[in-house]
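Trainee: Could we take a close look at one part of this protein together? I'd like to start with a pocket.

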Amino acid sequence: MSNIEYDREDEIEASRAPLLEHLVELRTRLIICVGAIAVAFGLCFAFVKPIFLFLLRPFTVAEGLKAMQDSGAVHGHFDLILALIGVKAVPAGLLKDITLQATAPLEQFFTNIKLAAFAGIVVAFPIIAWQLYRFVAPGLYKKERNAFLPFLIASPVLFLLGAALVYYVMLPFVLWFSLSQQINGDGVKVVLQTRVSEYLTLVTTLLLAFGLSFQLPVVLSLGGLAGLVTSNMLRTGRRYAIVAVFVLAAVVTPPDPISQITLAVPLCLLYEVSIWCVWLIERRRKREEDEDEAGTDIVAA
């Protein structure tokens, strides 16, 4: 038996533990995760007003875009895009206060609780991910542990990229589109009066939808690492994947084509990135197998 096989058997023996020890370890990790969420919830609830005002920025941008459009300060779609990304500033005289509706006595209070819970989970996510890794790491080979660590970094980075796309681009555009549908004339006035809870639901739903959808490279790369998918399989199924991406975008986004395209196009690009990542994993695995075979031949000789 080669030294490589001895090392692997030693790793397997070291990873074995009685069931009771696994349960105790799981309980400890869960307690830490729940404690982290509770502490993060308390901190976020203490600062819930600044957090809510931060989430209102897309609405403020949308109101500014609508005011610029009504005043003639923007001409065509190009000027609208410049104003959307902040290159073209909204004149101070056009800015006005944002008004949201609370139609129940405790609606704002329960909205604050939901917002603090959502923000608390986001803040505590690094701790939760680290505890998950610490729980599963003893059952992995050393090479597998080293391969798993980059995903702990890539996952929150991709989530933030998806959330940033929603916050800076999609939400302002969707809200501007909604404001532009208001009617004022011929004795009829239709005004958008958004409820506080409905706005928060829209924001959190889109943030989660885009953040989780942007995990596509992580999921497919882990599948490639486990041998569940191959780069050839992903290339062959590209057409079906694109159709599935557009169907998913139609389900999780508001019913307008711009929102769907805003999600679908990045996901198609991320799918191509996933193919490249899985191909790199296959290439590295083949190189390691060749090195192991070469080492086995040397020992046998």
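Trainee: What volume does the second largest pocket have?

Mentor: Happy to look at it with you. This is a predicted model, in which local features need pLDDT of at least 70 and side-chain atom pairs count only at pLDDT 80 or more, while totals for chains, interfaces and linings use all residues. Residues are numbered from 1 along each chain as its sequence is written, and side-chain values use heavy atoms, with hydrogens and water left out.

The second largest pocket has a volume of about 440 Å³, the space filled by probe spheres set on its grid points. A pocket here is an open set of points on a 1 Å grid where a 1.4 Å probe fits, with protein on both sides within 12 Å along at least five of seven lines; its lining residues have an atom within 4 Å of a point. There are 21 residues in the lining, and Glu63, Lys96, Leu179, Gln182 and Val191 lie nearest the centre. Two or more lining residues come from each of α4, β1 (183-185) and β2 (188-190); these are DSSP runs, at least four residues (H or I) for a helix and at least two (E) for a strand. Helix α4 gives the most, with 5 residues. By class, the lining of the second largest pocket holds 9 nonpolar, 6 polar and 6 charged residues, with Asp, Glu, Lys and Arg counted as charged and Gly among the polar ones.

The structure holds 6 aromatic pairs, meaning rings of Phe, Tyr or Trp (its six-membered ring) with centres within 6.5 Å; planes under 30 degrees apart are stacked, over 60 edge-to-face and the rest tilted. The ring centres of Phe59 and Tyr199 are 5.6 Å apart and their planes stand at 35°, so this pair is tilted. Phe59 sits in α4 (residues 57-71) and Tyr199 in α8 (residues 196-213), so the pair ties together parts 140 residues apart in sequence. Phe59 is buried at 3% relative accessibility, and Tyr199 is buried at 2%; buried means under 20% relative accessible area, exposed over 50% and partly exposed in between, with a 1.4 Å probe and protein chains only.

Tyr167 and Tyr168 make another pair: their ring centres are 4.9 Å apart with planes at 85°, so this one is edge-to-face. Tyr167 is buried at 6%, whereas Tyr168 is partly exposed at 42%. Together with Phe54, Tyr167 and Tyr168 form one aromatic cluster.
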